[in-house]
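The exercises below are meant to be worked through with the sequence and the model side by side. Try each task before reading its solution.

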Amino acid sequence: MLQLYLDLMSQPCRAVFIFAKKNNIDFEFKLVEMSKGDNHSPEFKRVNLLHKVPALKDGDFTMGESIAILLYLVRKFHTPDHWYPADLEKRACVDEYLSWQHTSVRPHGSKIFMYKCLAPLILGKEMEPEKMEAALKELHNILDQFEEKFLQDKPFIVGNEISLADLVAIVEIMQVIGAGEDIFKDRPKLDAWRERVEATLGTDLFQEAHKNLLGFRNMKMEPLNPQIAEALKAVLLHFK
């Protein structure tokens, strides 16, 4: 059976999880808790030498990288065309967004989550207000670009139907909601798009995928694996 190695606190993991569930792809969920260092275990190393989630194991075949995994699932299971259209121009639009988001929505949304949720745990103090304000300003600039360039006046990024672009976009933007920042406020176009994406995916599935994230701030946290804590501390200090 297909095995997916996932931690649903991870945005790319949520995208893979939602896609597989929505398309009725039969898989075994293999939990990899990164906060405990599971991604550095000998077992996981046999699946992905890079120690990253998500990862896929299909028989003897293994692979990592969420976008590559999504495309593998599209092709192997012949999922509906709207996810990754055969039409050359529509597919190019999906590819364009998937390429753009790696250096835009993902890093800026992740920074907000790290500042709001991880900095107090790792550094023992709240992030300085001026740094938080600057990070939010950067994120809103990115969201302006998302609305103006990719969403425009369309229901979804590629037109009238949901695609991989919308799926990857929503899980990244929801990471900021999990940090307690309502970035949909005062953004009616973005909020309406979110509602369409959630309704299309199914509210139950959407909530299942985001349950841990949305409850993170009220969760009683166990101490982070020391190796993970040091790595995150280095990232936070780099951001500063």
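A residue counts as buried under 20% relative accessible area, as exposed over 50%, and as partly exposed in between (1.4 Å probe, protein chains only). The model is predicted, so to speak of local features a pLDDT of at least 70 is needed, side-chain atom pairs count only at pLDDT 80 or more, and totals for chains, interfaces and linings use all residues. Residues are numbered from 1 along each chain as its sequence is written, and side-chain values use heavy atoms, with hydrogens and water left out.

**Exercise 1.** Find the salt bridge between Lys116 and Glu181, and state where each partner lies and whether each is buried or partly exposed.

Solution. A salt bridge here is a side-chain nitrogen of Lys or Arg within 4 Å of a carboxyl oxygen of Asp or Glu. Lys116 belongs to helix 5 (residues 105-123) and Glu181 to the loop between helix 7 and helix 8 (188-201), so the contact ties together parts that are 65 residues apart in sequence; helices (H or I, at least four residues) and strands (E, at least two) are DSSP runs numbered from the N terminus. Lys116 is partly exposed because its relative accessible area is 24%, whereas Glu181, at 18%, is buried.

**Exercise 2.** Describe how strand 3 and strand 4 are paired, and name the strand 4 bridge partner of Lys57.

Solution. Two strands pair if DSSP finds at least two bridges between them. Strand 3 (residues 55-58) and strand 4 (residues 61-64) run antiparallel and share four bridges, with Thr62 in strand 4 as the bridge partner of Lys57. The two strands make a hairpin with two residues between them, and Gly59 in the turn has a positive phi of about 65°.

**Exercise 3.** Which residue forms a salt bridge with Asp58, and which elements does the pair tie together?

Solution. The side chain of Asp58 meets that of Lys76, at 2.5 Å from N to O. Since Asp58 sits in strand 3 and Lys76 in helix 3, the pair ties together parts 18 residues apart in sequence. Asp58 counts as buried because its relative accessibility is 16%, while Lys76, at 39%, counts as partly exposed.

**Exercise 4.** How many salt bridges does the structure hold, and which residues are linked in a network of them?

Solution. The structure holds 14 salt bridges. Asp191, Arg194, Glu195 and Glu198 are linked in a network of such contacts.
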